[in-house]
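Have a go at each task before you read its solution.

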Number of protein chains: 4
Amino acid sequence: MIIVLKPNATKKQIAHLVEKIKALGLKPMVSTGVERTIVGVIGSEDALRVQPLEVFPGVEKVMPVLKPYKLVSREFKPEASVVAVGGVKIGGKHVVVMAGPCSVENRQMLMSTARAVRQAGAQMLRGGAFKPRTSPYSFQGLGEEGLKYLREAADATGLKVVTELMDVRDVELVEKYADMIQLGARNMQNFELLKEAGQSHKPVLLKRGLSATVTEFLLAAEYLLSQGNFNVVLCERGIRSFEDQTRFTLDLSAVPVIKALSHLPVVVDPSHATGHWEYVEPMAKAAVAAGADGLMIEVHPNPETAFSDGPESLLPGKFAALMKEVKKVAKTVGRTL
Amino acid sequence: MIIVLKPNATKKQIAHLVEKIKALGLKPMVSTGVERTIVGVIGSEDALRVQPLEVFPGVEKVMPVLKPYKLVSREFKPEASVVAVGGVKIGGKHVVVMAGPCSVENRQMLMSTARAVRQAGAQMLRGGAFKPRTSPYSFQGLGEEGLKYLREAADATGLKVVTELMDVRDVELVEKYADMIQLGARNMQNFELLKEAGQSHKPVLLKRGLSATVTEFLLAAEYLLSQGNFNVVLCERGIRSFEDQTRFTLDLSAVPVIKALSHLPVVVDPSHATGHWEYVEPMAKAAVAAGADGLMIEVHPNPETAFSDGPESLLPGKFAALMKEVKKVAKTVGRTL
Amino acid sequence: MIIVLKPNATKKQIAHLVEKIKALGLKPMVSTGVERTIVGVIGSEDALRVQPLEVFPGVEKVMPVLKPYKLVSREFKPEASVVAVGGVKIGGKHVVVMAGPCSVENRQMLMSTARAVRQAGAQMLRGGAFKPRTSPYSFQGLGEEGLKYLREAADATGLKVVTELMDVRDVELVEKYADMIQLGARNMQNFELLKEAGQSHKPVLLKRGLSATVTEFLLAAEYLLSQGNFNVVLCERGIRSFEDQTRFTLDLSAVPVIKALSHLPVVVDPSHATGHWEYVEPMAKAAVAAGADGLMIEVHPNPETAFSDGPESLLPGKFAALMKEVKKVAKTVGRTL
Amino acid sequence: MIIVLKPNATKKQIAHLVEKIKALGLKPMVSTGVERTIVGVIGSEDALRVQPLEVFPGVEKVMPVLKPYKLVSREFKPEASVVAVGGVKIGGKHVVVMAGPCSVENRQMLMSTARAVRQAGAQMLRGGAFKPRTSPYSFQGLGEEGLKYLREAADATGLKVVTELMDVRDVELVEKYADMIQLGARNMQNFELLKEAGQSHKPVLLKRGLSATVTEFLLAAEYLLSQGNFNVVLCERGIRSFEDQTRFTLDLSAVPVIKALSHLPVVVDPSHATGHWEYVEPMAKAAVAAGADGLMIEVHPNPETAFSDGPESLLPGKFAALMKEVKKVAKTVGRTL
C-alpha cells in the first residue's frame with residue numbers, strides 16, 4: 001500500500017502515521033520526494049484494508065498495490081478452471097450453450113423448447129421458476145412447479161438445468177431440481193445469498209450486476225469461493241449506460257479482462273444485454289470470438305405470448321440458425337460447439 | 001399504450017394486431033399518418049404490460065402512456081405522506097436527521113456517538129449491525145449484539161433506531177430492536193426482501209440502488225406498498241457514474257423529481273454518496289435546499305479507528321457544526337430542524 | 001407525434017393545443033381514454049420538432065413517433081452504402097483495416113510502421129498529425145510535417161491515408177495530404193467542423209463521441225450528409241461508463257444497431273476503446289464477428305518510446321498475428337480481409 | 001510516480017526499467033515487498049507522463065502521485081480567484097446570476113427578457129447567437145445579428161453579456177460584442193477553440209463536458225490558463241448518466257470538489273441540467289447552498305414559442321420568485337445576491 005501525504009504534511013503527522021503502521025505489525029518506508037512525501041508499507045495489505053488511513057491528518061490519498069480478491073485470481077491459480085455441471089464442462093475447449101425461455105410458463109412450452117434447443121446443440125436448459133421482476137404486478141414465476149417442469153424437460157432431453165435462486169430459504173429446494181444455481185444480476189451483491197450459495201455443493205452461475213465493476217464482480221465471486229464453493233462460472237449480461245437503443249450495454253471487453261485477472265470461466269448472455277432478438281446472433285458470435293466459454297440465450301416457441309422478455313427471445317428456428325453460425329466462429333478460435 | 005407500426009407494415013399484420021388487442025378486452029384505434037400507422041389502445045394498460053407487443057410482425061415500437069407504478073404515485077394520493085417512526089414524523093415540516101456510525105463496533109462507541117448526535121439535534125440513530133460489504137474479508141457486523149447496543153443507546157438518549165435488514169430470515173429479529181427497517185442500495189431489487197419488509201408493521205427506509213432509475217426506485221417502493229406497508233421513506237444516496245472524485249454521484253435532482261411523481265418522503269445520505277467527510281456539509285445543505293425531508297449522516301467518535309467508511313465519517317464536533325448550518329438553510333425553505 | 005395530456009387537463013387547455021397544431025398546418029386527432037386524453041398529430045413532425053409542446057398547459061409528455069434523422073437512415077436508403085477511399089471500398093464484402101501509430105512521431109518510424117502494416121494486410125494508414133490531448137502539456141502533433149510523412153509513407157507502400165482534422169481552418173491542408181478525413185470523438189459535436197467536413201470532397205471517418213447515444217451519433221453524421229457529403233463511415237471507439245479496467249467500454253452492440261438504423265458503414269477501433277494491447281486482438285475478432293466493416297488499430301514499432309497511447313499499441317509482429325486471426329473470423333461471416 | 005511490478009518480474013526487467021528512469025534524469029527507488037516489487041520515482045512527473053511505462057516488460061501498473069494540472073490547482077494558488085467581467089465580480093462574496101433566453105430569437109424578446117432579469121437582480125445576460133444543435137435541422141442561431149441585440153439589450157439595462165463561441169474563426173467577432181466568452185459543453189475538449197480562447201483578453205466561462213470527469217474539466221481549463229488567460233469561470237451543467245427523468249444529472253458535488261482542488265470560481269446551470277423548469281428553482285437553491293459562486297438560468301417571456309429549450313425556461317415572473325428564494329439561501333451561507 002502506498003500512502004501519499006499532503007504537500008504540507010507535518011513531521012508530527014508523519015510520525016503519527018508511521019507509528020500506526022508499525023503497531024499493525026507492518027514496515028513503513030518513508031520516501032521524501034520533491035513535491036510529496038510518500039510512505040510505502042511492506043507486509044500484508046489485509047491489515048491495512050480495514051484501517052481508514054485516508055482520515056489520518058496529513059494524508060492525501062491511499063493507493064492499494066494489491067488486488068482485493070485472492071481465490072478467484074490468476075495469481076492464486078494460474079491455469080483456467082473447468083467447472084463441471086454433471087457431465088457438461090464449462091471452461092474447456094467446448095463452448096457450452098444454455099438455452100431456454102426467460103420464464104417457465106407451463107409444462108408443454110418448456111418441453112417443446114427443451115427438445116428444440118437440445119436438437120440445435122445446446123447442452124443446458126435455462127428457465128426461471130422464480131423471477132426477479134422490476135414491477136410487483138409482473139408474473140413472478142411458477143415456483144416449485146416450474147422447477148419440476150425444468151427437471152422433467154431436462155431429463156427427457158439429456159440437458160442440464162440452470163435456474164435462478166432468489167431467496168436464501170429456497171437453497172435446498174433449488175438444489176433438489178437444478179444442476180447449476182444461477183444468481184441473478186440484481187442479487188450479485190445480495191451477500192446473504194452469496195454466502196448460502198457458497199456453501200452449496202452445486203456449481204453456481206453468477207451474473208454481473210447492472211453497475212458492477214469487474215473488480216466488484218470478482219469480489220462477489222470471492223464470497224462464493226471463500227465459503228468453499230470453487231465451481232463458479234461468471235456471466236457478463238450487459239451493464240447500465242446512457243445508451244438506450246439496447247436494454248443494457250454488453251461489455252464484451254469484460255471477457256478478455258476477466259480471463260486476464262481470474263481463472264474462472266466466463267459466459268455471455270446476449271439476450272438480456274441487447275433486449276432485441278435481432279441483435280442476439282451478432283453478439284453471440286462476437287462473444288465467442290472474444291473468448292467466451294459459453295452462451296446463455298433465450299428461446300421461446302412463441303414470443304408473441306411470452307410472459308416475460310418476449311422481445312429478446314429467439315424462435316427455435318432462428319436459434320438453430322444461430323448455433324450453426326456460432327459454431328463456425330468457435331472453430332476459428334480453436335473451440336468446438 | 002401507443003403502438004407505432006413499421007413503414008412497410010401490411011394490412012394483414014395490422015389486422016392480426018387489432019384482433020389481439022380486442023381479445024384482451026381493449027379498444028384499438030387505428031390512425032393512418034403520412035409516414036406511419038399508429039394504433040392507440042384504450043383501456044387498462046395492465047393487460048398490455050405483460051404482452052410483448054414489440055414482437056408482433058409489423059410493429060416498430062410500443063410506447064406506454066401511463067406510469068408503471070400506482071400506489072406510490074401522486075395521482076393515487078396527491079397530498080404528501082408523513083411517515084411516523086415512533087413520535088418522529090418524516091415528511092412534515094420538520095427535517096429529520098438520522099446520524100450515527102456506519103457500523104456498530106462496540107457498546108461504548110455507540111453510546112458516546114448516540115449522546116453526541118442527540119445533543120446536536122438528531123432524532124434518529126443509524127448504525128449497521130448487519131453490513132453489506134463488497135469484500136468477504138471486510139467486517140460483517142456484530143449481528144444481534146449490535147442490534148441490542150442500538151436499542152440500548154437509543155433508549156438511553158431518546159432516539160429512534162434505523163438499521164439495515166439484509167436477510168429475509170432476520171425480519172423478526174430486526175423488528176424486535178429497530179424502529180425503522182433500512183433496505184440497502186445493493187438490496188433495492190432483492191425482491192424477496194422487499195416482499196418481507198412489505199409485510200412488516202415497521203416503517204421502511206428504502207435506499208436507491210446504485211444504478212436504479214427513479215422509475216425503478218419507485219417500482220421497488222411499489223413492492224412494499226402493494227404488500228400493505230405504506231410507511232415508506234425513500235433515500236437518495238448517490239448513483240454510479242464515470243466521475244471518480246466522489247464515491248458515487250449524488251443525484252440531488254431526484255429530490256424534486258420524486259416529489260413531483262410520488263407522495264412518499266425523501267431523505268438524502270450525503271456521507272455514502274460523496275465518500276469524503278469534507279463534502280458532507282455542503283451536500284447536506286444542498287439537499288435540504290432542494291427539498292429533502294431528512295438527512296442520513298455518518299458520525300464516528302474516532303474515524304481513524306472506524307471498522308468501515310472512516311473517510312466519510314464526521315467527528316461529533318463537525319456534525320454539531322453541520323447541524324447549525326443546515327438549520328439555517330432549513331429555515332429559508334420553510335422547514336425546521 | 002403523440003401528445004399525452006395530464007389527468008386533470010381542462011377542455012380549454014386541450015382546445016388551445018389543438019388550435020396551435022392546426023395553426024402549424026397539421027391535423028390533430030384527439031382520443032379520450034380511461035385515464036388520459038391523447039392527441040395524435042398527423043403531418044410532418046419537422047414543424048413540431050421546433051415547437052416546445054411540453055410547455056403547453058395540460059401537457060404531460062410529448063412522444064415523437066419518427067426518428068429525428070433522415071439522410072443517414074435505412075428508410076431513406078435501404079441498401080448498404082459503400083464508401084470509396086481511392087480504390088479502397090468500405091462497406092462491401094472486404095473488411096478494411098486501418099493501422100498505424102497514434103501520433104506521427106518522425107519520418108522513419110512512420111515509414112517502418114507503414115511497411116509493416118501493409119505487409120500484414122492493412123489497406124489504410126492511420127496516424128495523427130494534429131492530436132487532441134487531454135492535457136496541454138502532452139505532445140500536440142507534428143502538424144503539416146506529420147501530414148507530409150503520412151502522404152509519403154502511404155504513397156511508398158500503396159496505402160490510403162486517414163488522419164484527424166481538428167480545426168476548421170485546416171480543412172484544405174488536411175485535404176491536400178489525406179485520402180480520408182477523420183473527425184475525432186471529442187469533436188463529434190463540434191458542429192462547425194461537421195459543417196466544413198460536410199462540404200469537403202473527401203470521405204469522412206466520424207468517430208462516436210465518448211458519451212454520444214447512437215441517435216446523437218447518427219445526427220452528427222446527418223450534419224455531414226445534409227451538407228452534401230454522403231461518403232461517411234462511422235467508427236465505434238468505446239463509450240464512457242463506470243468500468244475502469246478498460247479505458248472506455250467498447251459498445252459492440254452498436255454495430256448491429258447502427259446497421260439496422262442506417263445504411264452507413266461502421267468500423268471499430270478496439271485500441272482506443274480498451275486502452276491495453278492485450279485486449280485488442282480479442283475485441284478486433286469480436287468486432288468483425290458482430291458485423292463491422294473495418295477495424296482501426298494502433299501499431300507502433302516500439303511502444304516503449306511512443307509519444308502517446310503506447311499501452312494500447314501493438315508491435316508489428318503482434319499486429320500481423322492479429323490479422324491472421326481476424327481473417328479467419330471474417331471468413332465465417334462471409335467477409336474477406 | 002509509483003510503478004508496481006508484476007509478481008514474476010525478472011531482475012533484468014527491473015534493471016531495464018531503472019536504467020530508463022535514470023536516463024530521464026530521475027531517481028528510482030526500488031522497494032521489494034512480500035508480494036510485489038515497487039519502484040518509486042523521485043523528480044518531476046512531467047518527464048514520465050509522456051513515457052508509456054505501462055508497456056515496459058514486467059510492469060503491472062503505473063500510479064501517478066501528482067495531479068496532472070498545475071495552474072488551475074489550489075497548490076499553485078491557494079486563495080480563491082475572483083474573475084471580473086466588467087464591474088461584475090465572480091468568485092467573491094456576491095453570487096452572480098446570468099439569465100436570459102437559450103437562443104436570441106429577435107430584438108424585442110431579448111430586450112424584454114433583459115429588462116425583466118435585470119429588475120429581478122441578474123447581473124449578466126445570457127443568450128446564444130451561435131447555437132450548438134444536435135440536429136442539423138434545428139435553429140442554428142442569428143449569428144452577428146444576435147450578438148448585436150445582446151450588446152444593445154445589455155447596454156440598455158446595465159447587464160454584462162456572456163455568449164457562446166463555437167468557431168475559432170469567430171473569436172474577434174464574439175469579443176467585439178461580448179463581455180465574457182462561453183465555451184459550451186460539447187466543445188469542452190475542442191482544443192483548438194480552447195487555445196484561441198486562452199489567448200483572448202476576455203474572461204471565459206467554460207462549461208463541463210457531458211461526460212468529462214472533474215480532472216478532465218480542470219485540464220481543459222488548464223489549456224486556457226496555460227495560454228495566458230487566467231480569467232476563467234467553470235460551469236457545472238449536468239453530466240450524462242442512465243437516469244432519464246432529467247435531461248442530464250446535475251453533479252452538485254462537483255462544486256465542493258472543484259473548490260477543494262482549484263482556485264477557480266464555479267457556477268451552476270440548473271436549467272440545462274434538469275431540462276424542466278419545475279426543477280430549476282430547487283436546484284438553484286441547492287447549488288448556492290453547496291457553495292456555487294453563480295447561477296446560469298434560462299428565462300423566456302413566452303416558452304410556448306421558444307426556438308429552443310422551451311421546456312426548461314422560466315417565465316420572468318417565476319424567475320423573479322426564484323431570485324427571492326435563492327437570496328435567502330445565499331444569506332445562510334454568508335453570501336449576497
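**Exercise 1. How much area do chain D and chain A bury between them?**

Start with the area: about 1,800 Å² is buried between chain D and chain A, with 68% of it on carbon and sulfur atoms. Buried area here is the accessible area (1.4 Å probe) that two parts lose on being put together, summed over both. This is a predicted model, in which local features need pLDDT of at least 70 and side-chain atom pairs count only at pLDDT 80 or more, while totals for chains, interfaces and linings use all residues. Residues are numbered from 1 along each chain as its sequence is written, chains are lettered from A and ligands numbered from 1 in the order in which they are written, and side-chain values use heavy atoms, leaving out hydrogens and water.

Next, look at who takes part: 24 residues of chain D touch 24 residues of chain A, where contact means heavy atoms within 4.5 Å.

Then turn to the charges. Four salt bridges are counted between chain D and chain A (a side-chain nitrogen of Lys or Arg within 4 Å of a carboxyl oxygen of Asp or Glu). In one salt bridge, A:Glu75 meets D:Arg36 at 3.0 Å, N to O.

Finally, sort the residues. The side of chain D that touches chain A has 12 nonpolar, five polar and seven charged residues. Ala, Val, Leu, Ile, Met, Phe, Trp, Tyr, Cys and Pro count as nonpolar, Asp, Glu, Lys and Arg as charged, and the others, Gly among them, as polar.

**Exercise 2. Describe the contact between chain D and chain C.**

Begin with the area again: chain D and chain C bury about 4,100 Å², and carbon and sulfur atoms give 53% of this. The contact takes 45 residues from each of chain D and chain C.

Now the charges: there are four salt bridges between chain D and chain C. One of the salt bridges joins C:Arg169 and D:Glu196, at 2.9 Å from N to O.
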